[in-house]
Amino acid sequence: VKTTIDAYELLERVRDKAPVVHHLTNWVTIYDCAQIVKTLGASPVMAHAPEEAADMTNIASAVVLNIGTLTVDFIEAMKVAARAANRKRIPVILDVCGAGATSLRDAKVLELLDQTKINIIKGNASEIARVSGENVQTQGVDTTDVAGDLKKLAQSLAVRRHATVVATGKVDVVADSTGITLIKNGNALMSRVVGTGCMAASVIGTFAAVEADYRLAAAAGLACYEIAAELAMPKSQGPASFKQMLFDCLYSLDRPTVERLQRIEIVIG
Amino acid sequence: VKTTIDAYELLERVRDKAPVVHHLTNWVTIYDCAQIVKTLGASPVMAHAPEEAADMTNIASAVVLNIGTLTVDFIEAMKVAARAANRKRIPVILDVCGAGATSLRDAKVLELLDQTKINIIKGNASEIARVSGENVQTQGVDTTDVAGDLKKLAQSLAVRRHATVVATGKVDVVADSTGITLIKNGNALMSRVVGTGCMAASVIGTFAAVEADYRLAAAAGLACYEIAAELAMPKSQGPASFKQMLFDCLYSLDRPTVERLQRIEIVIG
Amino acid sequence: VKTTIDAYELLERVRDKAPVVHHLTNWVTIYDCAQIVKTLGASPVMAHAPEEAADMTNIASAVVLNIGTLTVDFIEAMKVAARAANRKRIPVILDVCGAGATSLRDAKVLELLDQTKINIIKGNASEIARVSGENVQTQGVDTTDVAGDLKKLAQSLAVRRHATVVATGKVDVVADSTGITLIKNGNALMSRVVGTGCMAASVIGTFAAVEADYRLAAAAGLACYEIAAELAMPKSQGPASFKQMLFDCLYSLDRPTVERLQRIEIVIG
């Protein structure tokens, strides 16, 4: 049983292979999702027309879905992209952004999970609780505390959905049927910047494009991303300069820094 | 008759209560609208699917509508959200972005005003003039000078529509049937940054979420926002760094700064 | 035959005339497209409802189309705007963003070229090759090398489509039936920032709004934009601060700087 992972090695692989990461995402943070993928050294595309969602998936190595500004039609386009990804056997990441806030969101998340194969389900603690069937009222899209053991919740959902589950928070929980990995990097300012959650899903998708062990990919991606946030913190004067520095620090992240700062703990597995 | 207001007290209330502010807004500045709300310490949501616009309103404390990139369907979703807000008796702010530029915009603004209760009508001088029935040709979405007395125009619209009217400009005019408040903060660089007008509407919506006197809420919100712009100015090298610093300065705004810099004048009321 | 151009004179004209530049563009970079136009001193509008696309064109001096996040309906709205621009005899710029990536994109680019008059066709080398009928597989929206002579390809497309053709890259090629202009400004970091290509199209559209010789307009616009990128480079710590500085440097660009740094070469014409 390994007790840690080489997060930097996966970042290097992203930079070497420059995978295309296809997105069907929300209109609020779509730019940041694209830029975080490019900052990692990969190549983002975002194409939501149902007529080309499958074609675009065919030139991609991962698909990131985010329901932040969903419509009924948009969800149908997501299904087209997800099914194309399933056929091509490339990973599909679903950010269940705002799950629990409205019944439409809950219904559409279930539709996506039931009608396509989602490889990685990602949300904050309350969103993951909701998708797990726990009765939690989301306060908009911001994290709220969740009663109960998040680790158990995430792993139970992972087993039931044959997926990797990522519950982000002060400590990120990444669970699959074989184990749980905790990522303890990051800082509180991230929660004051719109889009840090959406970007996390794009980062995970990018790492999953180059690593078939999705628990490993998610943990390594989150660690690199959150280490960049830690580096950005002292260079910032507030949330906007912090976001800018997060991008800049991620762009030039090197092995000694990642090795020195990564705080990843493999609990089981 | 008060001659000034305690703008900072309202900002503190926003930070304490962290209200959810729901948006149906345009695709150009949607990120900035979300981020300015979060920077104030509140919680933005943006959900435009007609199937969830009412549900999302039910977890919110204010609704901000902005017609910047309107479509016919999008306006219908706005009506759903506005009516849910009306039932819940939470404020609805309408940014009449680009009113006067096309007949579609003029027609849809009237529909929203006639078919729902809009509590705060916000625009620049030429947009407010257009909504008032004055014959002004908008030059895109940028402010143009308006003949006649803007204060009279705004208050007349306020009386006719039983609303608070905000006309932004070098001096912002906030009018309701009982009085007029002028805000003289801000600077010229704001007009060189796309989204400063849209963000102003989001700020007003956020303050109106915690203060039922909407003229007071709008004046306090605009003052805080524009004081942040004044603080950002000397830290900037151009419009992009100015926008970043505006967010950062708003995030850490404190009472002594607001008290020292606020330039609010209650003309009547 | 002139061997160079006065790029700064055109920038001054943009600043003096402040033309309205209408966009039907993608949701990823729409903010940056608006902000780059405003930073030049012009006035951006973005309105995609088919009911107002013609009306908005009537208050504009140029129309920029970008198929980055196309849908079938959106292309129809583009046709409405393009035809209104054709009637008004103002330039239409088409950014063939992602051409070659899917058959939908290829088909819709051809529809726009066949059913409306496009005055300036803009893409990276692989996109322009694809529109020219060369068999190139685009890797997402990022530039790939193209076999063959890009100058010949661009001019041949220009002749066939009676248009000015802009192929961006390390060296930008601007071709029309009478000649070719090369712009050698810019730097490699531009390709690490999402939206630099889209913004280039907006810059070209803005310059074409004030100069009827579109080859001259495109060359001058690209030179000014890329000189700003060169100035931004040493002030940057990575892609995000670079983008911010690009805006700030473009905002304050002056004649001595442009004259000192512009690297424009008129090959033929």
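Helix 2 of chain B, spanning residues 30–39 in this predicted model, is mostly covered, with ten of its ten residues buried, where buried means under 20% relative accessible area with a 1.4 Å probe and protein chains only, and where helices are DSSP runs of H or I of at least four residues, numbered from the N terminus. Among these buried residues are Ile30(B), Tyr31(B), Asp32(B) and Cys33(B), and the helix is followed by Gly41(B), whose phi is positive, near 100 degrees. The model is predicted, with local features requiring pLDDT of at least 70 and side-chain atom pairs pLDDT 80 or more, while totals for chains, interfaces and linings use all residues. Residues are numbered from 1 along each chain as its sequence is written, chains are lettered from A and ligands numbered from 1 in the order in which they are written, and side-chain values use heavy atoms, without hydrogens and water.

Between chain A and chain C, about 2500 Å² is buried, 57% of it given by carbon and sulfur atoms; this buried area is the accessible area (1.4 Å probe) that two parts lose on being put together, summed over both. In chain A, Tyr31(A), Lys38(A) and Tyr251(A) lose the most area to chain C, together 25% of what that side buries.

Within chain C, the axes of helix 4 (residues 72–88) and helix 5 (residues 103–115) come within 10 Å and cross at roughly 20 degrees, the axes being lines fitted to C-alpha atoms over the stretch in contact, with angles from 0 to 180 degrees between N-to-C directions. Helix 4 of chain C and helix 5 of chain C are therefore roughly parallel to each other, a term for angles under 35 degrees.

Technical notes
Helices (H or I, at least four residues) and strands (E, at least two) are DSSP runs, numbered from the N terminus. Angles under 35 degrees count as roughly parallel, over 145 as roughly antiparallel, 65 to 115 as roughly perpendicular and the rest as oblique. Buried means under 20% relative accessible area, exposed over 50%, partly exposed in between (1.4 Å probe, protein chains only).
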